[in-house]
Amino acid sequence: IRFADQAQPASMEQAAVRQGLFAVRGVVASLWPQSSTTLFGSQGTGLALPGADCDICVLLRTGMELATPGSGYSEEARGIISSLLEDLLAALVGAQPPV
């Protein structure tokens with residue numbers, strides 16, 4: 001039991017993850033109100049070790065649909081997605097980190 005207690009992130013680290021996710025969700029929602037942001041991976045399942053990274057998925061409604069799941073994106077779709085990612089990066093760089 002002692003090892004299990006030491007193998008999980010400290011409560012301060014868990015709080016920092018929650019605050020960081022809250023901040024990212026706020027920035028994403030300000031850019032794209034119809035989006036959803038989800039934490040997944042070890043942090044999302046509660047299996048994270050101390051110092052684990054955060055895997056975050058942002059789902060957007062862009063109006064683009066793939067013909068088949070493996071068909072890939074057109075050049076135009078890649079340009080739109082690239083622009084959306086640049087907007088997100090710019091907003092995250094300018095965001096105030098939680099203190």
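Colleague: How many disulfides does the structure hold?
Modeller: Count a disulfide when a pair of cysteine sulfur atoms sits within 2.5 Å. Cys54 is partly exposed at 37% relative accessibility, and Cys57 is partly exposed too, at 27% (partly exposed lies between buried, under 20% relative accessible area, and exposed, over 50%, with a 1.4 Å probe and protein chains only). In this structure the number of disulfides is zero.

Colleague: What pLDDT does the chain average?
Modeller: This is a predicted model, where local features need pLDDT of at least 70 and side-chain atom pairs count only at 80 or more, while totals for chains, interfaces and linings use all residues. Residues are numbered from 1 along each chain as its sequence is written, and side-chain values use heavy atoms, leaving out hydrogens and water. pLDDT is the predictor's confidence in each residue, from 0 to 100. Here 82% of the residues score at least 70, and the chain averages 81.

Colleague: What pattern does the chain follow along the sequence?
Modeller: Helices (H or I, at least four residues) and strands (E, at least two) are DSSP runs, numbered from the N terminus. The chain has four helices and two strands. Read in sequence order, they give α-α-β-α-β-α.

Colleague: Which element has the highest mean pLDDT?
Modeller: Helix H1 (residues 2–6) is the lowest, with a mean of 75. At the other end, with 92, is helix H3 (residues 41–45).

Colleague: How far apart are the end C-alpha atoms of H2?
Modeller: Helix H2 covers residues 11–31, which makes 21 residues. The expected span is 1.5 Å times one less than the number of residues, so H2 should span 30 Å. The model agrees, with the ends separated by 30 Å.

Colleague: Which element do the buried residues of H4 pack against?
Modeller: Ala77, Leu84 and Leu88 are buried in H4. They cover an arc of only 40° around the axis, which puts them on the same side of H4. The face turned away carries exposed residues, among them Glu75, Glu86 and Val93. The buried residues pack against H2.

Colleague: Is Thr37 buried or exposed?
Modeller: Thr37 lies in strand E1 (residues 36–40). Leaving aside neighbours within four places in sequence, Thr37 is in contact (heavy atoms within 4.5 Å) with Leu21, Val24, Arg25, Val28, Ile56, Cys57 and Val58. Its relative accessibility is 11%, so Thr37 counts as buried.

Colleague: What separates the C-alpha atoms of Leu59 and Thr37?
Modeller: Leu59 is found in strand E2 and counts as partly exposed at 47% relative accessibility. Along the chain, Leu59 and Thr37 are 22 residues apart. Their C-alpha atoms are separated by 6.4 Å.

Terms used
The arc is that of the directions from the helix axis to the C-beta atoms.
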